Amino acid sequence: MVNAVVFAIATGIGLLTDKYMLEATNFVEHYAIHLQPSSEQKEFIKSAMYAGAILGMISLGPISDVLGRRFCLITCSVITLVGCLLSTCAWDANVLIAARIITGIGMGGEYPLASSHSAESAENTSNGSRNVALLYLFGSGFGPILCDFVCYFMDAIGAAPSLIWRTIFGVGTFFALVGLILRVLTTENSHKFIKAAKSEKGATRSFLVAYWQPLLGTALIWCLFDIVEYGLKQNDAAIFSAAEGGPYKDSVLTVMATRCLVIPSLVFTPWLLSKVSSKQVQLLGFCGCFITNLCLAIGYNDLKHISLLFDTLYIVQLSFQSLPGVTTMALSAEIFPSAMRGTGAGISAASGKIGATFGSFFFTMLKEKHEINAIFWVVVCTSTLALVLTCLLTPFYNGATLDAADMIASSGQLKEAKKMLYSGPVEEKNDEINAENEGTGQAVAV
């Protein structure tokens with residue numbers, strides 16, 4: 001049996017590499033000046049990874065339902081390693097764009113695969129969302145910080161701009177290689193996945209017809225969230241620079257500090273998910289994003305001259321962002337039937353990257369026009385819409401609800417399984433009753 005720490009690293013290092021390479025987008029256009037990219041190429045360098053990610057999500061997610069999580073996780077690592085190597089060695093802007101697309105394909109598969117594998121590997125179904133939260137902490141917490149540190153260190157020692165961005169990508173290549181080795185040696189399909197693969201018939205059309213409501217919810221909400229997350233994170237070095245002035249490396253240091261100060265919220269989220277439902281955590285996160293960004297939008301012209309207050313509010317809104325950052329991934333990783341989980345999570349994640357592409361492009365356009373204030377108004381609007389959709393489309397459930405719905409789905413009754421998913425939290429039954437009712441999905445609503 002694989003050690004729990006090794007399992008966590010092997011599963012999460014792909015997401016860490018993803019977040020690291022995405023954070024690099026924040027800096028590459030500033031340092032890769034010798035490539036002389038045109039304005040259009042600069043935009044493609046930023047958004048190319050998303051195009052690849054969408055392809056990886058909608059292909060590798062469903063494929064994993066057939067060929068298994070292990071095979072597809074290893075495939076993701078191989079593709080990512082090739083993309084990172086090519087990024088490091090890129091000799092012109094077009095090659096760098098192609099490398100980012102390849103990296104994106106591998107990274108795109110990580111979202112549905114790593115999250116589904118983490119949720120399925122939980123001994124208790126109730127801990128599935130907590131496992132995904134720990135995965136998110138490892139990837140989204142430490143990946144960006146490592147990238148910021150490498151960038152700041154290289155700039156601080158006076159390295160040439162070309163060496164800085166190649167070193168950033170080179171470190172990402174190292175992470176991708178370590179991830180590939182760990183997965184080949186340690187990753188196995190979970191018992192829950194193996195059982196589902198033997199017993200369930202995964203008909204995509206039947207799944208889409210029966211589960212359209214939760215799938216629409218996870219897809220639209222993830223899209224709205226990624227508009228904000230990636231739109232901000234790929235431009236926040238410039239946002240801080242606009243607010244504070246000074247050398248670019250000081251902006252990098254500020255970005256790194258904000259990433260570090262968000263870690264407590266990422267640590268807090270797994271505990272919170274053990275106490276309240278994913279739906280409630282998601283509502284809390286979007287509500288906090290709405291309030292803090294409303295303050296930033298209304299008071300931006302004054303706040304940008306008060307660095308401490310501006311940075312504090314920005315960190316608070318990033319901390320609230322971490323809550324739906326976890327739940328958008330956790331919900332799509334655990335609410336769908338095991339036999340179609342990769343498909344549901346892949347569609348949801350791909351929708352998110354469509355939002356990320358739009359957010360990156362649109363927020364960059366606003367930044368170039370020096371309309372930073374408008375960025376915060378966009379976040380206010382997306383948070384409001386996400387709150388409404390969470391109330392209308394996201395199920396309120398517990399681990400027993402998921403177990404019951406999965407049992408019903410295993411017998412081919414997908415519409416009944418979806419009804420169970422929306423029936424609310426159910427009482428945990430004792431082992432004898434559970435064994436007697438196994439395969440029927442009987443449960444008692446509370």
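## The model

This is a predicted model: local features need pLDDT of at least 70, side-chain atom pairs count only at pLDDT 80 or more, and totals for chains, interfaces and linings use all residues. Residues are numbered from 1 along each chain as its sequence is written, and side-chain values use heavy atoms, with hydrogens and water left out.

## Overall build

The chain has 18 helices and zero strands. Both are DSSP runs, numbered from the N terminus: helices are H or I with at least four residues, strands E with at least two.

Of the 446 residues, 58% are buried (under 20% relative accessible area, 1.4 Å probe, protein chains only). Take the contacts (heavy atoms within 4.5 Å) with a separation of 6 or more: 83% of them join residues 24 or more positions apart.

## Inside

The largest nonpolar core holds 91 residues. Such a core is a set of buried Ala, Val, Leu, Ile, Met, Phe, Trp, Tyr and Cys residues joined through side-chain atoms within 4.5 Å. Among the members touching the most others are Tyr31, Trp165 and Ile168. Leaving aside neighbours within four places in sequence, Ile168 contacts Tyr20, Ala24, Cys147, Val150 and Cys151.

A second, separate core has 20 residues, including Phe207 and Leu421.

Definitions and conventions. Buried < 20%, exposed > 50% of the residue type's maximum accessible area, 1.4 Å probe, protein only.
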